[in-house]
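Biologist: I would like to go through the labels on this chain. Tell me what each one rests on.

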Amino acid sequence: MSDEVNENNPAAAGRDDDPADGWFPESVAATYDDPGGANSPEVITPAVDVLQALAAGGRVLEFAVGTGRIAAPLAARGVSVSGIELSEAMAARVTAKPGGDAVEVTLGDMTTTRVDGAGEFSLVYLVFNTISNVTTQDGQVEVFRNAAAHLRPGGLFLIEVGVPDLRRLPPGQDTVPFTVAPDGNRSGYVGFDQYDVVTQEFTSNHVRVTPDGKGRFFRIPFRYAWPAEMDLMARIAGMKLTHRWAGWDRSEVTADSTTHVSVWEKL
Ligand SMILES: C[S@@+](CC[C@H](N)C(=O)[O-])C[C@H]1O[C@@H](n2cnc3c(N)ncnc32)[C@H](O)[C@@H]1O
């Protein structure tokens, strides 16, 4: 998953990093909002459009709100947005963004943390592959249960996440490269995911070698779930699927879709 972390400044223990901030400590948060990529308006605006429409004027909660990349622009449109976030270093950046002042952030774990107004939200959302940061099936079920606990009946839970790249794994192979970018004879960047199809655990791996021949390798653990498994998690939590799109443009999911945006309704 190339979009999880700025590979130029991964969670490689910086001096100011607090272990309690997990994979997104100060050294990652410091560059998370750098322009381009996931921070570009072409990526953010379609997501905010869909979320605003689904909220339909009601209260909204983002699980793993991060630096407010999505929550702040949503709040800037007048939507009432709250957030839960594990990393204090990430959460500290929310208020710096236009709209961010209006986002009420609670530090905590999205599998267990309840915020004021639980049971009244119209929309809970969890984007940018972050369901995969919860590395057990039990933990992911708790995310669905916690979302349902925050929703009013008829409220919606939305997840944006990659479709596991299992179709690119021939027998005997467990790695899928997502970026191979040499920038000289001796330097460059290689990113790849490594899957354990028995446990459904996988890691995203980042290798950068600089022209002086020095290198850095780090990996982040994840757990993948096929979309149908998420439908069962939703059912366990008292929700049912209402939409499954291939992206924020609400296009149809096909066998070749690499991501999905799924929406479940609390019964
Ligand atoms: C890829 S970032 C996404 C941030 C934001 N949602 C966005 O779209 O930019 C993942 C975030 O999830 C947070 N996170 C990971 N596990 C979490 C958990 N169990 N509870 C709350 N936040 C969590 C991380 O600290 C990080 O800020």
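Predicted model: local features only at pLDDT ≥ 70, side-chain atom pairs only at ≥ 80, totals over all residues.

Modeller: Start with burial. A residue is buried if 20 or more other C-beta atoms lie within 10 Å of its own, exposed if 12 or fewer, and partly exposed in between, with C-beta atoms placed from the backbone. Helices (H or I, at least four residues) and strands (E, at least two) are DSSP runs, numbered from the N terminus.

Biologist: Why is V176 called partly exposed?

Modeller: V176 belongs to strand 6. It has 17 other C-beta atoms within 10 Å. Buried needs 20 or more, and exposed means 12 or fewer. So V176 is partly exposed.

Biologist: And why is F128 buried or exposed?

Modeller: F128 has 20 other C-beta atoms within 10 Å, so it is buried. F128 sits in the loop between strand 4 (121–126) and helix 5 (137–150).

Biologist: What makes the backbone of F128 worth a look?

Modeller: Its phi is positive, near 60°, and F128 is not glycine. Most residues other than glycine have a negative phi.

Biologist: Where is R250, and what is its phi?

Modeller: R250 lies in the loop between strand 10 (239–245) and strand 11 (259–266). Its phi is also positive, near 60°. R250 has 13 C-beta neighbours inside 10 Å, so it counts as partly exposed.

Biologist: How do you know what span to expect for helix 5?

Modeller: The expected span is 1.5 Å times one less than the number of residues. Helix 5 has 14 residues, and 20 Å is expected. From first C-alpha to last, helix 5 reaches 20 Å, close to that value. Its buried residues include V141, F144, A147 and H150.

Biologist: What makes strand 6 and strand 7 a pair?

Modeller: Two strands pair if DSSP finds at least two bridges between them. Strand 6 (175–182) and strand 7 (188–196) have seven, in the antiparallel sense. So they pair. T179 has G191 as its bridge partner in strand 7, and P182 has G188. A hairpin of five residues joins the two strands.

Biologist: Which strand pairs with strand 7 over nine bridges?

Modeller: That is strand 8 (201–209), again antiparallel. Q194 stands opposite T203 in strand 8. Four residues lie between the strands in this hairpin, where Q200 has a positive phi near 65°.

Biologist: How is the protein divided into domains?

Modeller: Bounds come from an automatic or database domain assignment. Domain 1 is 33–163 + 226–266, and domain 2 is 170–222. Their centres, over C-alpha atoms, are 28 Å apart.

Biologist: Which residues come nearest to the ligand?

Modeller: A64, G66, R69, L86 and S87, of 21 residues around it. A residue is near if its C-beta atom, placed from the backbone, lies within 6 Å.

Biologist: How many residues of that shell are nonpolar, polar and charged?

Modeller: Eleven are nonpolar, six polar and four charged. Ala, Val, Leu, Ile, Met, Phe, Trp, Tyr, Cys and Pro count as nonpolar; Asp, Glu, Lys and Arg as charged; the others, Gly among them, as polar.

Terms used. Residues numbered from 1 in each chain as written.
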